[in-house]
Amino acid sequence: MKRKSVFQFRKFKPKAAGYNDSQRIRLGVQLFFLVTTLYTGWRFIRFVNYLQNGGAAVTRPPGVEAFLPISSLMGLKYWVLSGDFNTIHPAGLVLFLVFVVIGLLLKRSFCSWICPVGLLSEYLWKGGRRLFGKTLTLPRWLDYPLRSLKYIILIFFAWGIFMNMNVEVLHNFIYGTYNRVADILMLFFFEHISMFALGVILALVLLSVVIKNFWCRYLCPYGALMGFVSLFSPAKITRNPDTCTDCGACTEACPANIPVHSKIRVKSDECTACLTCTSVCPEPDTLALRVYKRKKPLSAGMIAAFIILIFLLFTGIARISGHWKNDISTKEYKSRLQKIEQVDHLN
Ligand code: SF4
Ligand code: SF4
């Protein structure tokens with residue numbers, strides 16, 4: 001008898017016409033955030049280049065602080081305890097709040113609608129599936145402990161911040177030397193990446209080609225935070241058992257490997273509200289993202305409009321109220337950069 005492998009390969013063929021419509025809208029939102037992220041990154045590289053070499057003045061794009069989630073978490077606790085919305089990385093805190101609010105209202109949609117790493121991850125496994133015809137599904141005994149890894153990483157940071165840092169310690173870190181230039185240090189990390197770090201990234205890329213969303217599902221602490229927050233979301237994928245024919249197309253299509261066809265409401269922290277399942281369901285009005293048991297489902301267009309609206313509203317209010325740009329002067333940035341380069345030179 002042929003021995004069954006512990007790893008299962010899953011095949012998926014989109015069956016319904018709706019698949020392309022709702023997924024096209026989601027891709028549009030993903031591309032909006034990808035372009036915003038790339039533009040912010042490009043502007044930041046030009047800003048650091050201007051600090052190093054002079055030339056025409058370039059302003060720093062505050063949105064780069066979205067890449068400093070630990071600093072933002074500290075900023076959140078510091079804001080709650082002291083009432084001070086920190087002036088070092090205020091945009092980081094604003095964006096952190098935007099993503100948490102979206103997670104609270106629309107499940108873990110951050111991962112499948114906003115995050116550029118989520119987009120990259122998605123197209124890596126889709127590319128892998130096209131190449132090999134299949135993706136790899138880890139057995140439950142391995143999948144469950146690996147999924148908890150991202151929560152362990154999140155708890156490690158959250159415990160350090162919420163249990164061990166009082167207002168004074170938070171103030172000293174947030175306004176301290178390291179945090180003031182954390183964005184520049186992050187850029188230098190990637191510009192002068194070590195062979196080890198490059199090897200780790202390459203391994204993650206390769207694993208993401210054969211296993212769906214490997215980084216997001218098993219390792220990303222931001223994904224863990226969004227997964228935790230999403231448990232409180234009133235919107236959930238909801239199945240009508242009266243009209244469902246148990247065809248299993250939804251389960252087959254779900255990138256998070258959730259057995260959708262056997263649930264009435266999908267409560268899993270892995271559901272990213274990607275709407276892949278609803279778009280392949282052949283039965284009308286059977287599977288949809290619904291707020292509680294409201295009759296009208298949330299369409300892809302409504303989710304897209306809501307995400308963009310929350311993003312523009314929060315960032316707009318932050319800009320108008322002076323909580324977007326930090327108060328570090330270009331002169332200070334130049335002087336701190338010189339010190340970083342002197343230390344680098346000595347090493
Ligand atoms: S249950 Fe549906 S919406 Fe949730 S991750 Fe799976 S396919 Fe996407
Ligand atoms: S919800 Fe739709 S796709 Fe899923 S099993 Fe029922 S009929 Fe099939």
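Modeller: Before we start, contact here means heavy atoms within 4.5 Å. The model we are looking at is predicted.

Biologist: Happy to begin there! Which helices do the buried residues of α2 pack against?

Modeller: Helix α2 covers residues 69-82. Its buried residues include Leu 73, Met 74, Leu 76 and Tyr 78. The buried residues of α2 pack against α3 (90-106), α6 (140-164), α7 (167-174) and α8 (177-180).

Biologist: Let's turn to Glu 270. Is Glu 270 buried or exposed?

Modeller: Glu 270 lies in the loop between α13 (249-253) and α14 (276-280). Its relative accessible area is 4%, and buried means under 20%. Glu 270 is therefore buried.

Biologist: Which side chain is joined to that of Glu 270 by a polar contact of 2.8 Å?

Modeller: Beyond its neighbours within four places in sequence, Glu 270 is in contact with residues including Arg 147, Arg 217, Ala 256 and Ile 258. Its side chain also makes a polar contact of 3.1 Å with the side chain of Arg 108. The polar contact of 2.8 Å is with the side chain of Lys 150.

Biologist: One last thing: how far apart in space are Asp 21 and Leu 202, C-alpha to C-alpha?

Modeller: Asp 21 sits in helix α1 (residues 18-53) and is partly exposed. In sequence, Asp 21 and Leu 202 are 181 residues apart. In space, C-alpha to C-alpha, the separation is 33 Å.

How values were computed: Residues are numbered from 1 along each chain as its sequence is written. Chains are lettered from A and ligands numbered from 1 in the order in which they are written. This is a predicted model: local features need pLDDT of at least 70, side-chain atom pairs count only at pLDDT 80 or more; totals for chains, interfaces and linings use all residues. Side-chain values use heavy atoms; hydrogens and water are left out. Helices (H or I, at least four residues) and strands (E, at least two) are DSSP runs, numbered from the N terminus. The expected span of a helix is 1.5 Å times one less than its number of residues. Buried means under 20% relative accessible area, exposed over 50%, partly exposed in between (1.4 Å probe, protein chains only). A polar contact is a pair of N or O atoms within 3.5 Å; within protein, one must be able to donate a hydrogen and the other to accept it, and residues adjacent in sequence count only if both atoms are side-chain atoms.
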